[in-house]
Amino acid sequence: MASFFKKMSERSQLKKFLKKYRIPGKYQKYMALGAAFISINDCTENVLALRLDQEKITGMLEKTWKITDRESAINTIDQLIENCSRPITLDAENGAVKKLLDQCEHYYIKQDAILSCTNSAGLNLETAAFLARNCFHAGYLSDEQTWEYLIKKIPPVAVSLFDNWTEYGASVLVGHTLVHGREPKSIAYAISRLLNNSRFNSIWRKCPLNKLSTVNPG
């Protein structure tokens, strides 16, 4: 019973947070990029703000990305975008590929999307958007600089490389697990949630990828 009330309290707090920091509707579609990584950590993919402790964010940025200020933030994110094209050929008999396909089957992600993936660029783009939001939260990027990435710099590249969120999500998965050699479970769940959960009504389900092709909100 205690756990039930705890969950209810957490949901209530999340609703209050989302209501308080909700961004204007015309900007909401730009929350789609970075949503997979954000949802693993915080479940606030539909707003720009994060609920995580700022010290935790700055520690992660420094330890993992060597980001400690505005200059290192911009350099890192720009490099991710500029070097995002990563052609890749998958071998269905490879052990890591088999493990990834098993996770995809478990989370109802189309295996054909994984096997037909030829570029892991999605990983760089997802990471760039994720870092932009975290750097904003840490105070390294201004509101204007963050929106510059989320509206003008990252979306055009994503739209030029992928036709839909299924392709994009497959690319993120392939890059995350096969290029970087990380465990696929958590990211597979996040991507499945964004692609498939109709009750959740995710930003990916509400906004097709090609809707991000314009630099004009709306």
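**Reading helices, burial and contacts**

Tutor: In helix 11, the buried residues are Trp165, Tyr168, Gly169, Ala170, Ser171, Val172, Leu173, Val174, Gly175, His176 and Thr177. This is a predicted model, in which local features need pLDDT of at least 70 and side-chain atom pairs count only at pLDDT 80 or more, while totals for chains, interfaces and linings use all residues. Residues are numbered from 1 along each chain as its sequence is written, and side-chain values use heavy atoms, with hydrogens and water left out.

Student: What does "buried" mean, and how is a helix defined?

Tutor: A residue is buried under 20% relative accessible area, exposed over 50%, and partly exposed in between, using a 1.4 Å probe and protein chains only. Helices are DSSP runs of H or I with at least four residues, numbered from the N terminus. Here, 11 of the 15 residues of helix 11 are buried, so helix 11 is largely enclosed by the rest of the structure.

Student: What is found at the start of helix 11, and what comes just after it?

Tutor: The start has a polar contact, a pair of N or O atoms within 3.5 Å; within protein, one must be able to donate a hydrogen and the other to accept it, and residues adjacent in sequence count only if both atoms are side-chain atoms. In this case a side-chain oxygen of Asn164 comes to within 3.2 Å of the backbone nitrogen of Thr166. Just after helix 11, Gly181 has a positive phi of about 70°.

Student: At what angle do helix 6 and helix 11 pack?

Tutor: Axes are lines fitted to C-alpha atoms, for helices over the stretch in contact, and angles run from 0 to 180 degrees between N-to-C directions. Helix 6 (residues 95-106) packs against helix 11 at about 135°, with the axes 10 Å apart. That makes helix 6 oblique to helix 11, since angles under 35 degrees count as roughly parallel, over 145 as roughly antiparallel, 65 to 115 as roughly perpendicular and the rest as oblique.

Student: Which residues meet there?

Tutor: Contact means heavy atoms within 4.5 Å. Ala96, Val97, Leu100 and Cys104 of helix 6 meet Leu173, Val174, Thr177 and Leu178 of helix 11.

Student: Is Asn124 buried or exposed?

Tutor: Asn124 is buried, at 3% relative accessible area, and lies in helix 8 (residues 121-138). Its side chain reaches the backbone oxygen of Leu80 at 2.9 Å. Leaving aside neighbours within four places in sequence, Asn124 contacts Leu80, Asn83, Cys84 and Arg86.

Student: How many residues separate Phe130 and Ala35 in sequence?

Tutor: They are 95 residues apart in sequence, and 7.5 Å apart in space, C-alpha to C-alpha. Phe130 is in helix 8 and counts as buried at 11% relative accessibility.

Notes. Helices (H or I, at least four residues) and strands (E, at least two) are DSSP runs, numbered from the N terminus.
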